[in-house]
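Subject: Structure handover

Hello,

Here is the structure I promised to pass on. My notes follow below it.

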Amino acid sequence: MNSKFTLLGLLTVALLSGAAFSSQGDYEKYYLQRGPMPFEVMDINGDGVITAQEQAAVRAQRHAARAKAGYMMRNVNKAPTFQQIDLDGSGAISRNELSTWRAGCFQQRR
C-alpha cells in the first residue's frame, strides 16, 4: 500500500518536472492562446526571474507564432513595458511582481 503512494508521488513529481523543464518549443500553445502567459513560459532560462531580454524574446516569439497562425495583431502597441511590470525597478521580474502587477490590472478592469 505504501509503495503505491510512493510510486504515485514519484510519477507526479516526474510529470511536474517535465512540465517545468520543457523546451521553449513546447510553449507554442501558450503563444496562440489569449491572455497572459504563465511565468514559466516567460522565464526562459528557469532562474526564477524574467529579464528584459527574456520578456522581449517571448513577446517576439508569441507575435511570430500568432502572425503565422493568421491572428490579427490588434493592440500590440498597447502591451505593457518591462518597466511597468518590474515594480521594484530591480531589472528583473519575480513571480510575485508579475502576480501583483496582473492583480492590479484585473482590479482596474472591474
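Which backbone nitrogen does the side chain of Glu-54 reach? The nitrogen of Asn-45, at 3.1 Å. That falls under polar contacts (N or O atoms within 3.5 Å; within protein, one must be able to donate a hydrogen and the other to accept it, and residues adjacent in sequence count only if both atoms are side-chain atoms).

First, the ground rules. This is a predicted model, where local features need pLDDT of at least 70 and side-chain atom pairs count only at pLDDT 80 or more, while totals for chains, interfaces and linings use all residues. Numbering starts from 1 along each chain as its sequence is written, and side-chain values use heavy atoms, with hydrogens and water left out.

Overall picture

The chain has six helices and two strands. Their order from the N terminus is α-α-α-β-α-α-β-α. Both kinds of element are DSSP runs, numbered from the N terminus (helices: H or I, at least four residues; strands: E, at least two). Of the 110 residues, 21% are buried. Cut-offs: buried is under 20% relative accessible area, exposed is over 50%, partly exposed lies in between (1.4 Å probe, protein chains only). Take the contacts (heavy atoms within 4.5 Å) with a separation of 6 or more: 46% of them join residues 24 or more positions apart. The accessible surface is about 8000 Å², and 58% of it belongs to carbon and sulfur atoms. Areas come from the Shrake-Rupley method with a 1.4 Å probe; for residues, only the protein chains shown count as cover.

Glu-54

Glu-54 sits in helix 4, residues 52–68. Its relative accessible area is 7%, so Glu-54 counts as buried. Beyond four places in sequence, Glu-54 touches Met-42, Asp-43, Ile-44, Asn-45, Asp-47 and Val-49. Val-41 is 13 residues from Glu-54 in sequence, and their C-alpha atoms are 9.6 Å apart.

Glu-97

Glu-97 belongs to helix 6, residues 95–109. Glu-97 is buried but has no salt bridge. Such a bridge puts a side-chain nitrogen of Lys or Arg within 4 Å of a carboxyl oxygen of Asp or Glu. The nearest side chain of opposite charge is Arg-95, 11 Å away. The side chain of Glu-97 does reach the backbone nitrogen of Ser-94, at 3.0 Å.

Asn-75

Asn-75 lies in the loop between helix 4 and helix 5 (82–85). Its phi is near 60°, a positive value in a residue other than glycine. Asn-75 is partly exposed, because its relative accessible area is 48%.

Best wishes

Terms used: Lys, Arg positive; Asp, Glu negative; His and termini not counted.
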